[in-house]
Amino acid sequence: MTRLAARGAALVSLAVIALAFLGPFLWVLLASLQPDANLAAQPTFQFSLKNFSAVLTWETIYHPIINSILISGSTAILTVIVAGLAAYPLSRYTLRFKRHFMLTLLFTTGLPVTAIMVPVYSMFFRFNLYGSIPAMVLFLAASSLPFSIWMMKNFMDGVPVSLEESAWVDGAGWVQSLLRIVGPLMAPGVAVVAIFVFVGQWGNFFAPFVLLDTPEKQPAAVTIYTFFSQYGQVAYGELAAFSIIYTTPAVVLYVAVNKYLAGSFSFAGSVKG
Amino acid sequence: MTVTSVTPPRLAGSPDKGEPRRRARRTLRWLLPLGPALIMFVIFMVGPILWSVYIAFTNETLTGAASVNSQFVGVANFVKMFSDEDFRNSLLLTFVFVIGSAVIGQNTLGLIIALLQRGRGRAVRSVVNGIVIAAWVVPEVVAAACWYSFLAEEGTLNEALAALGLSQDWLYSAPMIAIILANVWRGTAFSMLVYSAALSDVPGELLEAAAVDGASTWRRLVHITLPLIRRSILSNLMLITLQTLASFGLIYALTGGGPGTDSQTTPLYMYEQAFRYFEIGYGSAMALVMLVIGAAFSLVYLRLIKVDT
């Protein structure tokens, strides 16, 4: 009897929590489909795709989304290449400084990147890099490196060395062995790191907001903010439609790597390096 | 890390003559692949930190005379900071924000959800997980838009409360509560996932044995489960504190730090000083303070976890 009651109470609590988390989503989902949406989520029975077709223009959606893809994509590719190279000696060689190096990496993942934005901006301004997308991508990649190297090394440790030994005997250097043997075998790991970096940068608002000078260079994260900070004159239905279009890639990619990331949450308890 | 570290076979040569060259070659073997990462890291991460140490002691601005040749002003920025009413206000708000949304909100709620989910069916777990994680995956600007529409004067909450006559502009009357709720909503998934992983390592027999001995649910939680996952609790607290300390986009898009300075946490105040008033030197001094606080938490985190390299 009490067992049943406890079970019921747990299910009811979970239902309440789930509904509470669902609440803030309601407006976006409803407003995007309502032709004359305002700020409150009001279930009317008029639905149309008018809002979506209204935002699907070059200026509102396509251009910012292309910017987002370019910025996040090049950051992800650059990070994966540089982190993959760096992970190789850390995974394969006995290095005296390895432990300290890995600990330093872990330490830097904790530093607030937000705080670095002021000096980064000031440096970019001094060296005429302000407004340069490639320079910003280099900065974003550098800030993603510590965690990515850490993850890459873990994935690389999972590839048995014995497979490489025969290649070494045949005279292959580390470049060949990394490209031909380790790389293909850890392809899922590479994809996870790339997607992880991509999704992180997809949502990044502060860095482009501060480091890019003109609206034409801004990714969707900043465009959507400018869109809804025009208080009073916002077409709320269109804002909701924009939000959904912009959020979808992040959700889809998360679902794709969800399985691999799940294991890394024991991360907080003990870290295998 | 002992199993996988195998060095490539080395040919036995004369140790004296080839020694310097061999050592150089062995250094190159790790330096070459690590090089690009090191260079990028030094230029774009270490560089800005050192740069902030330098300009925090100058009167660097973006406009006016000091933008052309800034001067060394010693600790003036730091003296100014600690007598600055608005800065102290921002530190206090950051503290409230971290305690309210991370330490109490995300941490407790994440643990509760993880505990409630134990032993539930797969369907229940995936629905609850899915909804909570969805809030986490949504980009911060979209999360802000969701919460703005929920709390604004003509928003969903007021629409629902109108019948009771409790409508008000929540973003004006309770901005701190608004940003705390929004951040709890967005960040709880992380703690939930950490605790789900930790709880799956707690042996079920232990809890069953205690139940047979007549220990209540509460006593089992306090005396068995919590002590067993204490490391996860501590390191989760460190990680979410670090994430919350640096939170900018969510607050900026939701309240902009206002009304007035009522929800202006330190990152927002730093932004205002550096980018609206162009006080780069002063902003960098604040950045340094935030970096030091972040570094302290990060060090505690490193001490807490067991790292086996």
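A residue is called buried if 20 or more other C-beta atoms lie within 10 Å of its own, exposed if 12 or fewer do, and partly exposed in between, with the C-beta atoms placed from the backbone. With that in hand, Asn128 of chain A, or Asn128(A), is exposed, because 9 other C-beta atoms lie within 10 Å.

Before going further, some conventions. This is a predicted model, in which local features need pLDDT of at least 70 and side-chain atom pairs count only at pLDDT 80 or more, while totals for chains, interfaces and linings use all residues. Residues are numbered from 1 along each chain as its sequence is written, and chains are lettered from A and ligands numbered from 1 in the order in which they are written.

Let me stay with the backbone for a moment. Most residues other than glycine have a negative phi, and most peptide bonds are trans. Asn128(A), however, has a positive phi of about 55° although it is not a glycine, and it sits in the loop between α5 (113–126) and α6 (133–157) of chain A; helices here are DSSP runs (H or I, at least four residues), as strands are (E, at least two), numbered from the N terminus. Phe278(B), also not a glycine, has a positive phi of about 60°, and its place is in the loop between α13 (266–276) and α14 (280–304) of chain B. Phe278(B) is partly exposed, since 17 other C-beta atoms lie within 10 Å.

Now to the interface between the chains. In total, 84 residues of chain A are in contact with 86 residues of chain B, where contact requires that the C-beta atoms of the two residues, placed from the backbone, lie within 7 Å. On the side of chain A that touches chain B, α1(A) gives the most, with 14 residues. That side of chain A divides into 61 nonpolar, 18 polar and five charged residues, counting Ala, Val, Leu, Ile, Met, Phe, Trp, Tyr, Cys and Pro as nonpolar, Asp, Glu, Lys and Arg as charged, and the others, Gly among them, as polar.

Which helices of the two chains pack at an angle of about 90°, with their axes 8 Å apart? One such pair is helix α1 (residues 2–31) of chain A and helix α5 (residues 140–151) of chain B, the axes being lines fitted to C-alpha atoms, for helices over the stretch in contact, with angles running from 0 to 180 degrees between N-to-C directions. That makes α1(A) roughly perpendicular to α5(B), on a scale where angles under 35 degrees count as roughly parallel, over 145 as roughly antiparallel, 65 to 115 as roughly perpendicular and the rest as oblique. Gly23(A), Pro24(A), Phe25(A), Trp27(A) and Val28(A) meet Cys146(B), Trp147(B), Ser149(B) and Phe150(B) here, and the residues of this contact comprise seven nonpolar, two polar and no charged.

A further pair is α5(A) with helix α1 (residues 19–55) of chain B, whose axes lie 8 Å apart at an angle of about 90°, so that these two are roughly perpendicular to each other. From α5(A) the contact includes Ile116(A), Pro119(A) and Met123(A), and from α1(B) it includes Pro48(B), Trp51(B) and Ile55(B). By class, this contact has nine nonpolar, three polar and no charged residues.

Next, the domains of chain B. The assignment, automatic or from a database, gives domain 1 (19–55) and domain 2 (84–304). Their C-alpha centres lie 36 Å apart, and four residues of domain 1 of chain B are in contact with six residues of domain 2 of chain B.

Not counting residues up to four places away in sequence, Ala83(A) touches Leu145(A), Ser148(A), Ile149(A), Met152(A), Val193(A) and Ala37(B).

Lastly, Ser90(B). Ser90(B), in helix α3 (residues 85–117) of chain B, is buried, because 24 other C-beta atoms lie within 10 Å. Beyond residues up to four places away in sequence, Ser90(B) touches Gln264(B), Thr265(B), Thr266(B) and Tyr269(B).
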